[in-house]
Amino acid sequence: MMRPPWIEIFTTPDCPDCAALKRWLNAEYLPFVERDMSDPAVAEEVRQRTGMRVAPITVIDGTQVFFGTFDEQRWRIEAIHTDQAETETQCVARHSSAPWPV
């Protein structure tokens, strides 16, 4: 079974794109950890990690960083999630003993 990506989102309380990102991640059943950039320590941490200071910022598996509007981030996150699902399906198909494709 596919392991969901580790998603960390850095948000601010009054950010409409942050709210849209959270709604979409929940609708897609993608678990995430939310960090509030209105906390100065969190804002400094994300600036040091990513070089960015504008919300929302999404970090996936600690290595892929996305920023910008929800619409700009959504297609990138979808692409990663879709690629992982396709890779797993291909792996199952290769290792299946079934005489037909999975």
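Modeller: Happy to; we can go from the overall fold to one residue and then to the cores.

Modeller: This is a predicted model, so local features need pLDDT of at least 70 and side-chain atom pairs count only at pLDDT 80 or more, while totals for chains, interfaces and linings use all residues. Residues are numbered from 1 along each chain as its sequence is written, and side-chain values use heavy atoms, with hydrogens and water left out.

Colleague: Great. How many helices and strands are there in the protein?

Modeller: The protein has 3 helices and 4 strands, arranged along the sequence as β-α-β-α-β-β-α. Both are DSSP runs numbered from the N terminus: helices are H or I with at least four residues, strands are E with at least two.

Colleague: And in what order do the strands form the sheet?

Modeller: The order is β2-β1-β3-β4, in an open sheet with mixed pairing; two strands pair if DSSP finds at least two bridges between them. β2 (32-36) and β4 (64-67) are at the edges with a single partner strand each, so one side of each has no neighbour in the sheet.

Colleague: How many bridges join β3 to β4?

Modeller: There are 4 bridges, and the two strands run antiparallel. Ile-60, for one, has Gln-64 in β4 as its bridge partner.

Colleague: Switching topic: is Thr-58 buried or exposed?

Modeller: Thr-58 is buried, with a relative accessible area of 0%. Buried means under 20% relative accessible area, exposed over 50%, and partly exposed in between (1.4 Å probe, protein chains only). Thr-58 lies in strand β3 (residues 57-60).

Colleague: What does the side chain of Thr-58 make a polar contact with?

Modeller: With the side chain of Gln-73, at 2.4 Å. A polar contact is a pair of N or O atoms within 3.5 Å; within protein, one must be able to donate a hydrogen and the other to accept it, and residues adjacent in sequence count only if both atoms are side-chain atoms.

Colleague: Nice. Which residues make up the largest nonpolar core?

Modeller: It has 12 residues, including Ile-7, Trp-24, Phe-66 and Ile-77. β1, α1 and α3 (70-95) each supply at least two of its residues, and α1 gives the most, with 4 residues. Apart from this core lies another of 10 residues, among them Cys-18 and Met-52. By nonpolar core I mean a set of buried Ala, Val, Leu, Ile, Met, Phe, Trp, Tyr and Cys residues joined through side-chain atoms within 4.5 Å.
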